Amino acid sequence: MKQAIEFNHYRADTMIIGARKKQHYASYLHVHKGTALIRLGKAELPVCANQGFWLPIDCLNAVTIMKGSQVSTLNFSVRSTALLSNQAGFIEKSPLITGIIEQLHARQEKGNEDWDAPYGRLLRCARDYLATLTPHDIATDSFRLSMTSLDALGNGKALSEITGKALEHALGLSTEDIAVQLRVREWVRLYKSGRSIKKIALAVSLSETEVEQLLRQIAGIS
């Protein structure tokens, strides 16, 4: 990180699949559209449109941004002077942080990223505001249902019509799209660990061409 605080905006034309790692900075992740999946331990948490999530320094996690999603992140290095939370969790929706992120994105698009100008002051304002908040868990029945539904799809299981519609409403994606992306994500992990396309295709009963096409279309791997 060149500065103590950095802002990034992602338009996921293909899936963005992060490796599981312990990060050396704290992050606030804000989803504008679609869904990001955050793995903490054995749990994978869906962060949906208009939700924010906090990841503290040294937090072991893996972030997946689903294809078609738009996500912004604020990263805070150990050089940050504010006392930031060391607890992972959801951040309460706030017009202030949403407005700051919109302004940061607009200025970044125009190339106005001077640390000593309004862009830098917006970054510091976001840091100071986030330092006042306490991340929390979501324990609603609908959230737990989304987690179990994602787990089921990831394991190749079908969902009931009611459960499927609830998941589609929460994530803003069709169950078919979610299932395909989760399946392709697993192929990406196998491929990066040394598994050949041929062996992946044999395991899933598809042709090599079909696997290569899905990897390219969904995950941008050619």
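Which residues of the largest nonpolar core touch the most other members?

## Basis of the report

This is a predicted model, in which local features need pLDDT of at least 70 and side-chain atom pairs count only at pLDDT 80 or more, while totals for chains, interfaces and linings use all residues. Residues are numbered from 1 along each chain as its sequence is written, and side-chain values use heavy atoms, with hydrogens and water left out.

## The nonpolar cores

The largest nonpolar core has 25 residues, and those touching the most other members are Leu150, Ile178, Val184, Trp187, Val188, Val211 and Leu215. A nonpolar core here is a set of buried Ala, Val, Leu, Ile, Met, Phe, Trp, Tyr and Cys residues joined through side-chain atoms within 4.5 Å. Buried means under 20% relative accessible area, exposed over 50%, and partly exposed in between, with a 1.4 Å probe and protein chains only. At least two residues of this core come from each of α3 (141–154), α4 (161–171), α5 (175–192), α6 (197–204) and α7 (208–219). Helices (H or I, at least four residues) and strands (E, at least two) are DSSP runs, numbered from the N terminus. The largest share, 6 residues, is supplied by α5.

Leucine 150 touches Leu37, Pro46, Leu167, Leu171, Ile178 and Leu182, when residues up to four places away in sequence are not counted. Contact means heavy atoms within 4.5 Å. A second, separate core has 20 residues, including Ile91, Tyr119, Leu122 and Leu123. In soluble globular proteins, nonpolar side chains tend to be buried together.

## Packing of α3 and α5

The axes of α3 and α5 lie 9 Å apart, and the two helices pack at an angle of about 60°. Axes are lines fitted to C-alpha atoms, for helices over the stretch in contact, and angles run from 0 to 180 degrees between N-to-C directions. The angle makes α3 oblique to α5; angles under 35 degrees count as roughly parallel, over 145 as roughly antiparallel, 65 to 115 as roughly perpendicular and the rest as oblique. On the α3 side the contact is made by Leu150, Leu153 and Gly154, and on the α5 side by Thr175, Ile178, Ala179 and Leu182.

## The sheet

An open sheet of 5 strands runs in the order β1-β9-β4-β7-β10, with antiparallel pairing. β1 (5–11) and β10 (89–91) are at the edges with a single partner strand each, so one side of each has no neighbour in the sheet. From one strand to the next, the twist averages 25°. Two strands pair if DSSP finds at least two bridges between them.

Strand β7 (residues 52–55) pairs with β4 (residues 26–33) over 4 bridges in the antiparallel sense, and tyrosine 28 has tryptophan 54 of β7 as its bridge partner. β7 is also joined to β10 by 3 bridges, again antiparallel, with glycine 52 opposite isoleucine 91. Gly52 and Trp54 point one way from β7, Phe53 and Leu55 point the other way, and all are buried.

## Two loop residues

Proline 56 lies in the loop between β7 and β8 (60–65). Its relative accessibility is 4%, so proline 56 counts as buried. Apart from neighbours within four places in sequence, proline 56 is in contact with Gln23, Tyr25, Ala26, Ser85, Asn86, Gln87 and Ala88.

Leucine 83 is in the loop between β9 (70–76) and β10. At 76% relative accessibility, leucine 83 counts as exposed. Its C-alpha atom is separated by 9.3 Å from that of arginine 127, 44 residues apart along the chain.
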